[in-house]
Amino acid sequence: MAFVQNVPFFSIMLSMFSGIVSSILPGKWARRLNTFMIIVVAALSAWLFAFMATSDIGSYTYAMGHFPAPIGNELRAGVLEAGTALFFCIIMLLSLWGGREKQILEITERQQNLYYILCNLLLSSLLALIYTNDLFTAYVFIEINTIAAGGLIMVRQNGHCIEATIRYMIMSLLGSGLLLMGICMLYDLTGHLLMSNIKEQVDIIMAAGTYRIPMLITIGIMTVGLAIKSALFPFHSWVPDAYGYSTVSSGAILSSLVSKGYIFLLIKIFYRVIGFDTIAGSHILNILFIFGLCGMIFGSVSAIGENDIRRMIAFSSVAQIGYIYMGLGLGTEMGVIAAVFHLLSHGATKSLLFVSAVGLTDASGGSRHFTDLTGAAFRNKTAGVGFLVGSFSMVGIPVFAGFVSKLLFAEAAVLLPNWKMFPTLIVLAVSTVLNAIYFLKTVIRIYTPVKPEVLAEKGFECKHFKQQVLFGVTIVLFIIVNLILGMKSQPIIELIEQGLHNFM
Amino acid sequence: MSRLIPTEEYNKKPLTRLSRWIKGETDPFSESMEVKKHSDNHPDEKLVRRHKREREVVIEQVYDRSHNRVYKTFNVLFKIVAVLCCLALIAILLVAVSHLPPVGATDNPASNEVVEKYVEDGLQDTGAVNIVTGMILDYRAFDTFGESNVLFIATCTVLLLLHVNKKDHKDLMEEEKSERFFEPKDDSILQKITFWLFPIIVIFGIYVILNGHISPGGGFSGGAIIGAGLILYSNAFGFKKLNRFFTEKTYRYVSFGSLLFYCLAKSYSFYTGANHIESVIPLGTPGAILSSGFILPLNICVGLVVACTMYAFYTLFRKGGF
């Protein structure tokens, strides 16, 4: 085995290790360790990604311990896993950099190191969800993920955040509970916890026709559990408060990474545990499809009615999660590829929007209401450009990442053999128009000039690039990531396709 | 009254004191124990009523309850839908359970080669007589490492939420003085019993942890026993006495040390396992206390983490600090 194949194990253990070490470090050093760790893990993932993309191994398993597959724990890595890990590291690092100024203001000195413990363990749990080949390991790391995310929302400790955390905890624990019950029943039916072994047994069960009802219910509650955790439409009531009122980095990390980790796990369950043909044959995908469509419309409608810029972005997340589930619900490989690509493009765009929205509100005296945001892009030019790029990407203007994913969704819909084609295309069009309404409305507002007298009266200050170098660099890097996704999409799509084939 | 000895001496005799205590004439704890009157605990009725009234007024003004049709219908609808959803979920799960394989049947899918391997080769592979410990700390040690990190991160989150910074809140120092307001101070019954029980509890906990690989038990159960002992001690003697040997620093370094050891030890065995390198850790004679490789030190680590977590939860919820 090549040494590079140890990377999954190294990256999970390294992030847990730095979480543990952070507990005795002062806040400043915990922050430095966190930055260092994320860069190292990103570099390792990039190394593995390059190795997997050039070699013809496909995917390989990695035994965690001296005991091979069904006896002990196991990881599994392929090109898609390595690429997603790299992407998650980059977005996490940029989100933390972009929100650093705010976070130093909003979190007390004592709690700084606790915040970074949560971040490190959150990253480790995301990596474990990406790499694990064992359902129970996935559940254990979902626990870590849930608690860490709750801590990240709560860290500001004002009334809004505490309430948002309670809402988040209730919904998220309901999701975890359903998933755990699903895993228990699946174990009872198949006698395994390892994904590949479960698949063998599931194929036998499906062919024999025994246990058909509990199998269907099991798949159903596992899917619903993960859908609740990633805030699919009717379960989204915790989203706006949780993303909108927590500190910026937390909001960006939650919306672009935490929910995506669950979706990635769900795709893995579809391919590796249940088998995509079985899933496509069941009616569960139709339910996901319909709720995805509802989410696309209702998330956007709620966002239009919102008067608070960060809550608006949060509601837009609901719509984008709807897109991803709609793609999964199409039940074709093209749909899943589009969903995975949207997972990446939304992750890159939403964190950019959250970070730049904070730059805009800071230039408007901390107010998040639209009347005060008028002309904010002139007061903080970097944030203005960031928000512009983010909005264009969300709406689906060519060159940016969001365009490619919408194109892929439309392509997948056109190739469909069944009734889902027209609803998909119509809702895609309607949702794009709705997106355009609220994002372009905001862009126009922040680029509307205001008279200097009014500014002086309100006491708003301008912020130049030199005053906020880290913030500016972060925005530029975010834009670069977005452009790479938007302009170099073909090789990325091919890699996703290759990765999904290796899933099976 | 006795005619043989003087009254004063008679009063001091233990039997007399016992009979007088039974008759209710004296209370032996009246001077050695501080007893708070119960009425002190009663909250101010007026204040409670005012809070309730204010709450009503706020809800009335925010939602305009008496005129707001939407609010009313929403409330009714919410209850109905909630009940329906719960009933539907219960029905679905009951149907699923009724179709599952019968419990304990020999030809169940769950009794397959994996279970067979655990039961038959467990002793040889892990060196642990207690197969359950061998499973959680050797076969599936990665899951258990995740599980101890769940405890660690839970304490971190509670610390984030409930920790009170004494420098920021000087008025809380006052509350600290009346910290035991709702409980009698220096309860001598509790103290006497704890005096005897605490060492036994801790020793039993240590026994359970150390013998985790030989007999039923292990880090999680032993740690829970020690944690319960610490909570009992702090209840009987107060936090001040406990702080002489267990402070926030102790907590931090103990949990840091044990998790770090766990992380490094398991990284070693994962790395050697995956790369097919022979591990140098000897398994020893099964049944001996020093056997089964990493399982004993890992049990100690898990036990320390669990004990610290339990006590930290208690003290953080109780007074927001160590």
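**Helices and burial in a predicted model**

User: In this predicted model, does Ser18(A) count as buried or exposed?

Analyst: The cut-off for burial is 20 or more other C-beta atoms within 10 Å. Ser18(A) has 25 C-beta neighbours inside 10 Å. Ser18(A) therefore counts as buried.

User: How far does helix H15 of chain A reach from its first C-alpha to its last?

Analyst: H15(A) spans residues 333-362 and has 30 residues. At 1.5 Å a residue, 44 Å is expected. The reach of H15(A) is close to that, at 44 Å.

User: How many of the 30 residues of H15(A) are buried?

Analyst: H15(A) is largely enclosed by the rest of the structure. That follows from its count of buried residues, so the number to quote is 28 of the 30.

User: Are H19(A) and H20(A) roughly parallel or roughly antiparallel to each other?

Analyst: H19 covers residues 401-414 of chain A and H20 covers residues 421-446. Their axes come within 8 Å and cross at roughly 160°. Angles over 145 degrees count as roughly antiparallel. H19(A) and H20(A) are therefore roughly antiparallel.

User: Which residues of H20(A) are met by residues in H19(A)?

Analyst: H19(A) passes H20(A) in a left-handed crossing. From H19(A) come Lys406(A), Phe409(A), Ala410(A), Ala413(A) and Val414(A). On H20(A) they meet Met421(A), Thr424(A), Leu425(A), Leu428(A) and Thr432(A).

User: Which residues touch the most other members of the largest nonpolar core?

Analyst: In soluble globular proteins, nonpolar side chains tend to be buried together. Here the largest nonpolar core has 231 residues. Met92(A) touches Ile38(A), Leu123(A), Ile253(A) and Leu257(A), not counting residues up to four places away in sequence. The residues that touch the most other core members are Met92(A) and Leu118(A).

User: How many helices does chain B have?

Analyst: Read along the sequence, chain B follows the pattern α-α-α-α-α-α-α-α-α-α-α-α. It has zero strands. The helices of chain B come to twelve.

User: Among contacts in chain B between residues at least 6 apart in sequence, what percentage join residues at least 24 apart?

Analyst: Chain B has 322 residues, and buried residues make up 25% of them. Among its contacts between residues at least 6 apart, the share joining residues at least 24 apart is 72%.

Notes: Residues numbered from 1 in each chain as written. Chains lettered and ligands numbered in written order. Predicted model: local features only at pLDDT ≥ 70, side-chain atom pairs only at ≥ 80, totals over all residues. Helix = DSSP H or I, 4+ residues; strand = E, 2+ residues; numbered from the N terminus. Buried ≥ 20, exposed ≤ 12 C-beta atoms within 10 Å, placed from the backbone. Contact = placed C-beta atoms within 7 Å. Expected span 1.5 Å × (residues − 1). Core = buried A, V, L, I, M, F, W, Y, C linked by C-beta atoms within 7 Å. Axes fitted to C-alpha atoms, helices over the stretch in contact; angles between N-to-C directions. Parallel < 35°, antiparallel > 145°, perpendicular 65-115°, else oblique. Left-handed = near helix turned anticlockwise from the far one by under 90°.
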